[in-house]
Amino acid sequence: MTLRVGIVDTTFSRVDMARYAIEELKNMEPSVVIERITVPGFKNTPWAVKQLINKGVDAVMVFGWIGPTLTDKITYAVASMGLVLIQIEYDKPIIDVTVHEDEAQDEKELFNIAVDRSRKHARNLIYMLRGELTRWAGMGLRQGRPDVGPIIP
């Protein structure tokens, strides 16, 4: 069976995060079919996700870039809730790969977070769809930052 993954990204983003996720998806699952929709901003992502699900994708990755203001954070919370509702309604996994512009000290660090988060979430999606993600439960894995490891009593 060929895996079909939907990709939703935005022009608001300052890094083409989907590019790195697609590379990772194709490395792990060479036969993967990618369906991509780019929208202006994060508020538009629920609509795009619904379009891709209606086209028959197995899962969707949403790449968001959120500015540092309170308005940006509220926008993210509201649109993110929409993504959760779509995920429940359609019984399809939606992986939210979001970078918040205020989570880094400079643009280089922000770029590295975006690339790392995109690649790791792509791997997580493949492992999850294969039923192989459980082996990493409780391991302190991080997307966008170095892993912290499990707490050993």
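Helix α4 covers 24 residues, 107–130. At 1.5 Å a residue it should span 34 Å, and its end C-alpha atoms are 35 Å apart, which agrees. The expected span is 1.5 Å times one less than the number of residues. Helices (H or I, at least four residues) and strands (E, at least two) are DSSP runs, numbered from the N terminus.

This is a predicted model: local features need pLDDT of at least 70, side-chain atom pairs count only at pLDDT 80 or more, and totals for chains, interfaces and linings use all residues. Residues are numbered from 1 along each chain as its sequence is written, and side-chain values use heavy atoms, without hydrogens and water.

Asp106 caps the N-terminal end of α4, with a side-chain oxygen 3.1 Å from the backbone nitrogen of Lys108. Just after α4, Gly131 has a positive phi of about 80°.

Four strands form an open, parallel sheet in the order β2-β1-β3-β4. Strands pair if DSSP finds at least two bridges between them. β2 (33–39) and β4 are the edge strands.

| Helix | Strands touched | Angle of directions |
|---|---|---|
| α1 | β1, β2, β3, β4 | about 150° with β3 |
| α3 (70–90) | β3, β4 | about 170° with β4 |

Phe63 has contacts beyond its neighbours within four places in sequence, including Ile7, Met17, Val97 and Ser118.

Methods
Polar contact = N/O pair within 3.5 Å; in protein donor to acceptor, adjacent residues only side chain to side chain. Contact = heavy atoms within 4.5 Å. Axes fitted to C-alpha atoms, helices over the stretch in contact; angles between N-to-C directions.
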